Amino acid sequence: MKNPIQVTRSSMPMFEEYIEEIRDLWDSHWLTNMGIKHNQLEKQLRDYLMVPNVSLFTNGHLALEIAIEALELTGEVITTPFTFASTTHAIVRKGLTPVFCDINPEDYTIQTESIEELITEKTSAIIPVHVYGNICNVNEIERIAKKHNLKVIYDAAHAFGVTVNGESVANYGDASMFSFHATKVFNTIEGGAIAFKDSDLKDTLNVLKNFGITSQGSIDYVAGNAKMNEFQAAMGLCNLNYVDEEIEKRKKVFKKYIELLGDIKGIKLSEPQDGINSNYAYFPVVFDDYKYNRDVVLEKLSNENIYARKYFYPLTSEFICYQDSFKIQETPIASYIADRVLTLPLFSDLSLEEVERICEIIKK
Ligand code: T4K
């Protein structure tokens, strides 16, 4: 049996390079609480993401929760259920009510035509998801948000480094959350960030991720701990050197899949979006009237030691923990896609021969 192929594999620098990067931590003994490497990474990410402000966190989920708190959202938040648990959990854990909007059948992002009918006097914000690195209709979302005086926080966990007509995706909305988890295009082992334009938010985010401490002895907020440590930041500094190369390699894998699965009846691929420079984060395939259904394909692949994943099934609105918690709107397109989608293995050092093998199994 061949070695297992997982849906993704963490990108890592050379071992020696990481050791070199962390060596001075043994001199300084300064391991966390916004140390030198943390600050260095924040600066480099501001440049890379072409955004005025970046605030680092220990993971993407807590970054999203803290952005919700910092922007003082209240009441209802319009979002989509076709996402990882984190998006909806963050809204609910901050005491807000998610109002589920359907998605587009083409790119699986929020269906902007349906947002306005969901707005009530309780709505304070929209939290759309750039799912798989596909970018939401950011201009239309901005128009709606302005008209109804709503805040916008993008869940950009999948969208690191993506540009929209040359503009960084990090510059849209009031804030964008990026995940730097081990499974992401750019990783800091665990980690995340909030990117934002309004510099006034910076202090609030710093305080909210550090127990509400405003200065020594002054605790002005009831807050937890969500700081990125120096070992995470060191991993980020190393990985950032290679991220463009990694994205290029992902692009080759992505294109090979398109070439091999492109014109097959019943197999729907995510078309490249106009004006978007992708990061090739995921390769979603929708099996819609294909000769085998999604679950059969998943099983055939796993029999060959290849582990595709049902990202994102079930919808978050179907989670057991949310039954009877709030009124759940129907999202028929999201349900349809969730029942048929599979994300195939995609990572920078997946060989083109392995892609061929995966596609052969699917076609057979
Ligand atoms: N919003 C969205 C839209 C998200 O997708 C996520 C996270 C978040 C918010 C929250 O961001 P973070 O708080 O995580 O920063 C994984 C990831 O844990 C999660 O970060 C990610 N989304 C989600 C889509 O995928 P699982 O439970 O599927 O991961 P797991 O452990 O099954 O790993 C998947 C595959 O990745 C493994 O089969 C092999 C590979 N892998 C995994 C790990 C842990 C590695 O190569 N190295 C590793 O260290 O959730």
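A polar side-chain atom of K184 lies 2.9 Å from a nitrogen atom of the ligand, a polar contact being a pair of N or O atoms within 3.5 Å. The model is predicted, local features need pLDDT of at least 70, side-chain atom pairs count only at pLDDT 80 or more, and totals for chains, interfaces and linings use all residues. Residues are numbered from 1 along each chain as its sequence is written, and side-chain values use heavy atoms, with hydrogens and water left out.

A polar side-chain atom of Q6 is 3.2 Å from a ligand oxygen, and one of H181 is 3.3 Å from a ligand oxygen.

The ligand sits in the largest pocket. A pocket here is an open set of points on a 1 Å grid over the protein atoms alone, where a 1.4 Å probe fits, with protein on both sides within 12 Å along at least five of seven lines; a molecule sits in a pocket if more than half of its atoms lie within 2 Å of its grid points. Two or more residues of the shell come from each of α4 (60-70), α5 (85-93) and β8 (175-179), where helices (H or I, at least four residues) and strands (E, at least two) are DSSP runs numbered from the N terminus.

Around the ligand are 25 residues, of which S10, D155, H158, S179 and Y311 come nearest; a residue is near if one of its heavy atoms lies within 4 Å. By class the shell has 7 nonpolar, 14 polar and 4 charged residues, with Gly counted among the polar ones. Domain 1 (15-240) and domain 2 (243-363) each give the shell at least three residues.

Y311 also takes part in a cis peptide bond, with F312, at an omega of about 10°. F312 is in the loop between α10 (294-303) and α11 (332-340). A cis bond with omega about -5° joins Y313 and P314, and P314 lies in the loop between α10 and α11.

Key
A polar contact is a pair of N or O atoms within 3.5 Å; within protein, one must be able to donate a hydrogen and the other to accept it, and residues adjacent in sequence count only if both atoms are side-chain atoms. On a 1 Å grid over the protein atoms alone, a cavity is a set of points where a 1.4 Å probe fits but cannot get out, and a pocket is an open set with protein on both sides within 12 Å along at least five of seven lines; lining residues have an atom within 4 Å of a point. Domain bounds come from an automatic or database domain assignment.
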